[in-house]
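Please open the model in your viewer and keep the selection panel at hand. The tour below names what to select at each stop and then says what is there.

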Amino acid sequence: MAAAAASCRRPIAWFFGVAAALFFASWYLLLDSAAPPPALLAARGQGLRAGSTARKCDPAAAALRVFMYDLPHEFHFGLLDWKPRGGGGVWPDVRWGGGVPEYPGGLNLQHSIEYWLTLDLLASEQGAPTPCGAVRVRDAAAADVVFVPFFASLSFNRHSKVVPPARASQDRALQRRLLEYLVSRPEWRRSGGRDHVVLAHHPNGMLDARYKLWPCVFVLCDFGRYPPSVASLDKDVIAPYRHVVPNFVNDSAGYDDRPTLLYFQGAIYRKDGGFIRQELYYLLKDEKDVHFSFGSVVGNGIEQATQGMRASKFCLNIAGDTPSSNRLFDSIVSHCVPIIISDEIELPFEDVLDYSKFCIIVRGEDAVKKGFLMNLIKGISREDWTRMWNRLKEVEGHFEYQYPSQNDDAVQMIWKAIARKVPSIRLKVNRLRRFSRFETNRMDETPTRSPWLESQAS
């Protein structure tokens, strides 16, 4: 009887053993499928873990050596609600995905260049993946430029309104503190700020401080709200917006697959130079195969714009409140040939990129002539359009912001554009130092009676 009972229990035990094994195996597979895909890990630090080590960039091999101020975190990643762990340091550990603070989405992203460039500099020092085009150095005397890591665009977007009982906005308070910090630094005093790189990509970024920072190299979206005495193409750099619509990956939608001839969706009634939008609206709204309508990012506006641009041969990029907008870069990544109508626009990296190979640029006075624009567009052959369409796919990577940065993406193109300014910067700094011996006993000391410094501090 005992032997019979034991033989009965064996199949039951075997059954439960197999069931348990299958349960644990299925649970493991479920957890594995829920893990981030390798591409996501790559985009958020290429799988490097906290505390891991990697090869750091060699400053001697870099195109640009950058001294970056260790500003308090409230000037940069603190604006993203990041705080130093354990009260140590002012920078996040960018070597692993979880250490990179996330930037807010939507229209905030279009002016996010401060975030991407700062991440790349940190990566160059911490050993995270980067092309090493620009490398952070700790000795300002060994640097080509001095980088000011203030997230001015984000500060304006989030903190430009006055919150009672305060009498000034947090954005203005940060600008004032930044000026006080800079004029107290020996790096500033040695060059008068002429070798300092300041990022103010939002047209209203650094709205107060810009007039005190005029000697610096600004990185801007355009010069629309800057007087020539403060910003110009001679000393400053124009950087692209970050596109809002997604990339058109594996685009095979050629000439015949895009039924809309001309596309525009956005605000029609604008101030300043944007009056041309409403003139064009009345000229084009009834034309065949033309989509010209009001639109915004509210609701599913970005999705509508994505679909509309991908279904169009040409996309209008018209001056608005400012000469530029992210619409140009949305058009580029949608491979919709841009028609630029903005007489005051400055285009990023135009000293190395020939925009006539992938854009149509029209003077405003010509665009508003009845029939001019439609005749121009209809006169572009399928072969010419296809040539521009293919060129758009070749250049779109130059306008891509990402972390980790890749060769010749927007981050690296900006560093190269700044590097091309270095000879001019050195000339200005050396000329400033001509009579420095009459203002101080040593080059690296604070001038005791410098009218220039006093004017900067006021």
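**Starting at a disulfide**

The link of C315 and C336 is right-handed, with 105 degrees about the S-S bond. This is a predicted model, and in it the sulfur atoms of C315 and C336 are joined at a distance of 2.1 Å. If you colour by secondary structure, you will find C315 in strand β9 and C336 in the loop between α9 (327–334) and β10, so that the pair links distant parts of the chain, 21 residues apart. Both C315 and C336 are buried.

**The sheet around β9**

Select next the open sheet of five strands to which β9 belongs, whose order is β8-β7-β9-β10-β11 and whose pairing is parallel. At its edges stand β8 (290–294) and β11 (360–361), each of which has a single partner strand, so one side of each is left without a neighbour in the sheet. Now display β7 (residues 260–266) together with β9 (residues 312–318), which pair in the parallel sense over three bridges, and look for L262, whose bridge partner in β9 is F314. Helix α7 (residues 275–284) packs on this sheet, touching β7, β8, β9 and β10 (337–341), and its direction makes about 135 degrees with that of β8. Helix α8 (residues 301–310) also packs on the sheet, where it touches β7 and β9, and its direction makes about 160 degrees with that of β7.

**The sheet of six strands**

Move on to the open sheet in which six strands follow the order β2-β1-β3-β4-β5-β6, again with parallel pairing. Here the edges are β2 (134–136) and β6 (237–238), each with a single partner strand, so one side of each is left without a neighbour in the sheet. Select β4 (196–199) and show its side chains: H196 and V198 point one way, V197 and L199 point the other way, and all are buried. Three bridges join β3 to β4, and F147 has V197 as its bridge partner in β4. Three bridges likewise join β4 to β5, where L199 has V219 as its partner.

Helix α3 (residues 113–126) lies across β1 (64–68), β2, β3 (145–148), β4 and β5, running at about 65 degrees to β2, while helix α13 (residues 410–419) lies across β1, β2, β3, β4, β5 and β6, running at about 95 degrees to β1.

**The other disulfide**

C57 lies in the loop between α2 (38–43) and β1, and C132 in the loop between α3 and β2, so the pair ties together parts that are 75 residues apart in sequence. C57 is buried, at a relative accessible area of 9%, and C132 counts as buried at 16%.

Finish at R433, in the loop between α14 (422–432) and α15 (451–457), which is partly exposed, with a relative accessible area of 29%. The C-alpha atoms of R433 and R190 are separated by 8.1 Å, although the two residues are 243 residues apart along the chain.

Note on methods. Residues are numbered from 1 along each chain as its sequence is written. This is a predicted model: local features need pLDDT of at least 70, side-chain atom pairs count only at pLDDT 80 or more; totals for chains, interfaces and linings use all residues. Side-chain values use heavy atoms; hydrogens and water are left out. Two strands pair if DSSP finds at least two bridges between them. Helices (H or I, at least four residues) and strands (E, at least two) are DSSP runs, numbered from the N terminus. Contact means heavy atoms within 4.5 Å. Axes are lines fitted to C-alpha atoms, for helices over the stretch in contact, and angles run from 0 to 180 degrees between N-to-C directions. Buried means under 20% relative accessible area, exposed over 50%, partly exposed in between (1.4 Å probe, protein chains only). A disulfide is a pair of cysteine sulfur atoms within 2.5 Å.
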